[in-house]
Amino acid sequence: EERANQAESDAIQSRKETNSTIVTTKVQNQINQVQSILDTAKELGALAYALIDYQTAEKQLNQSVTLLSQEQFDQASEIAIRAEQTARIARTAAISGLTDAQESESQAYAKANIIVSYAETEIGKAKRVNAATHAEDLISKAKRLFERANNAIRLEKYDQAIDYANQAKEQAGQAYLTSKTAEEKRLEQEALEEKIAQAKDMIFKAEEAFNQDIDLVINLVPNKYDESKVLLDQAIKDLNSNNYNDAISNAQKSLVLLKASIENAQKLDNLETQIVQAIKRIRKIGATEVNRDLNGVLVRFSKDVFESGSAKLNQKYFSIIKQLGQVIEGFPDLGVRVEYHSDSIGDAIENKKLTGKRVNAFMKYLLENSNLSKDRLTAVGLGEKKPIATNINKTGRDRNRRIDVIFLTRVPSSASDKDL
């Protein structure tokens with residue numbers, strides 16, 4: 001179980017780190033984009049023609065960087081978007097100011113920078129969909145053309161720069177379109193593989209739980225064991241049928257139910273052990289049978305509890321019954337069922353009547369000599385219909401003539417008044 005818990009913890013930590021890396025990369029790309037636009041705006045003269053917008057965008061950019069370092073991803077992304085909008089305004093204003101302030105050569109320079117910035121934006125889009133993997137030739141060509149465009153600007157060959165930049169933009173656009181679908185498929189496959197891994201991991205943990213010592217669960221709460229096993233079997237079927245969400249859900253339910261059942265079985269075992277020990281401490285209990293069965297703890301008195309042919313209690317059992325009442329008082333949350341059984345000698349109807357009288361006499365004495373509430377006790381005379389031995393010989397008949405007191409540790413209280 002410790003190994004399974006560690007595996008689960010490692011898997012959760014790995015997923016958190018993966019998700020954090022993806023989101024961090026996304027926001028960092030936005031920040032890089034803003035920085036790129038600001039750099040372009042600055043080159044175009046934003047400090048002269050759009051100072052307020054430039055400074056505002058720069059401030060927003062710094063805020064986004066700070067929020068990203070604090071892992072406040074949503075706020076960082078939102079501010080980065082506003083920074084990009086402001087930076088674009090600054091760049092546009094810079095271009096406008098430059099156009100108004102400079103002559104044709106300066107205008108050509110500005111135009112070249114605009115086209116280059118468009119190419120840069122398109123290259124950035126392609127990078128964000130992993131074009132280096134899905135469209136390596138196209139994105140490499142776009143980068144080379146982009147560098148040539150920048151070199152042409154430095155050499156003041158603005159027409160040539162515009163031509164290179166347009167080619168770079170076109171190549172980057174093709175790389176983006178090619179990579180977008182491929183990247184979506186890759187992410188879908190990655191998500192599917194993660195889902196499969198989660199399903200297998202959860203099934204493994206459930207199977208590990210079943211491989212522990214769960215004899216108590218099987219013996220004391222078999223219905224819960226069976227229910228948990230059915231859920232695990234269904235989870236395995238779901239996995240084989242590619243129903244991964246159902247596989248995760250059913251395996252998790254199985255594991256939770258089994259763990260709860262183990263805990264309940266341990267509590268039930270402790271409770272029944274306490275009851276058995278308390279009964280065995282009753283003085284003169286002698287050869288009275290004390291067993292644990294499907295309903296709980298069974299205390300069985302055979303042979304001579306009553307005088308022959310009557311519903312009168314044998315006096316030698318008075319002390320034992322009083323002490324039994326004290327034991328029952330010690331477990332106030334439990335219902336108790338008292339049954340009287342007869343052998344098959346004589347008329348069945350008369351035997352049934354006699355068992356009813358005897359069990360009522362037993363109950364009457366028990367209640368009169370204890371502080372028990374009648375609501376906790378159920379009495380039933382069953383006649384000869386549930387023998388535990390043969391009625392052919394005296395030994396068997398002595399065993400069949402018995403009174404059973406059952407501590408209903410495994411039976412809901414609503415079922416205590418029904419035949420068990």
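A nonpolar core is a set of buried Ala, Val, Leu, Ile, Met, Phe, Trp, Tyr and Cys residues joined through side-chain atoms within 4.5 Å. The close-up views below all come from a predicted model.

**View 1. The largest nonpolar core comprises 34 residues.** The residues with the most contacts inside this core are Ile279, Phe301, Leu324, Val338, Phe362, Val405 and Phe407. At least two residues of the core come from each of α11, β2, α12 (318-329), β3, α13 (348-368) and β5. In soluble globular proteins, nonpolar side chains tend to be buried together.

**View 2. Surroundings of Val338 in the largest core.** With residues up to four places away in sequence left out, Val338 touches Val359, Phe362, Met363, Thr378, Ala379, Val380, Ile403, Asp404 and Val405. Of these neighbours, Phe362 and Val405 are listed, like Val338 itself, among the core residues with the most contacts inside it.

**View 3. The open sheet is formed by five strands.** The strand order is β1-β2-β5-β3-β4, and the pairing is mixed. At the edges stand β1 (289-292) and β4 (377-383), each of which pairs on one side only. From one strand to the next, the twist averages 20°. Strands of a sheet pair through backbone hydrogen bonds, either parallel or antiparallel.

**View 4. Strand β5 and its two pairing partners, β2 and β3.** Strand β2 (residues 297-302) pairs with β5 in the antiparallel sense over six bridges. Within this pairing, Leu298 has Ile406 as its bridge partner, and Arg300 stands opposite Asp404. Strand β3 (residues 336-341) is likewise antiparallel to β5, again over six bridges. Here His341 stands opposite Arg402.

**View 5. Burial of strand β5.** Because six of the six residues of β5 (residues 402-407) are buried, the strand is largely enclosed by the rest of the structure. Both of its faces are covered. Arg402, Asp404 and Ile406 are buried on one side, and Ile403, Val405 and Phe407 are buried on the other.

**View 6. Helices α11 and α13 against the sheet.** Helix α11 lies across β1, β2 and β5, and runs at about 180° to β1. Helix α13 packs on the sheet and touches β2, β3, β4 and β5. The direction of α13 makes about 155° with that of β4.

**View 7. Thr40 in helix α1.** Thr40 belongs to α1, which spans residues 2-43. The relative accessibility of Thr40 is 8%, so this residue counts as buried, the cut-off being under 20%. Apart from neighbours within four places in sequence, Thr40 is in contact with Arg91, Asn113, Ser117 and Glu120.

**View 8. Non-glycine residues with positive phi: Glu156 and Asn242.** Glu156 has a phi of about 60° and is placed in the loop between α7 (136-154) and α8 (158-210). Asn242 has a phi of about 65° and is found in the loop between α10 (222-240) and α11 (244-280).

Key. Residues are numbered from 1 along each chain as its sequence is written. This is a predicted model: local features need pLDDT of at least 70, side-chain atom pairs count only at pLDDT 80 or more; totals for chains, interfaces and linings use all residues. Side-chain values use heavy atoms; hydrogens and water are left out. Helices (H or I, at least four residues) and strands (E, at least two) are DSSP runs, numbered from the N terminus. Buried means under 20% relative accessible area, exposed over 50%, partly exposed in between (1.4 Å probe, protein chains only). Contact means heavy atoms within 4.5 Å. Two strands pair if DSSP finds at least two bridges between them. Axes are lines fitted to C-alpha atoms, for helices over the stretch in contact, and angles run from 0 to 180 degrees between N-to-C directions.
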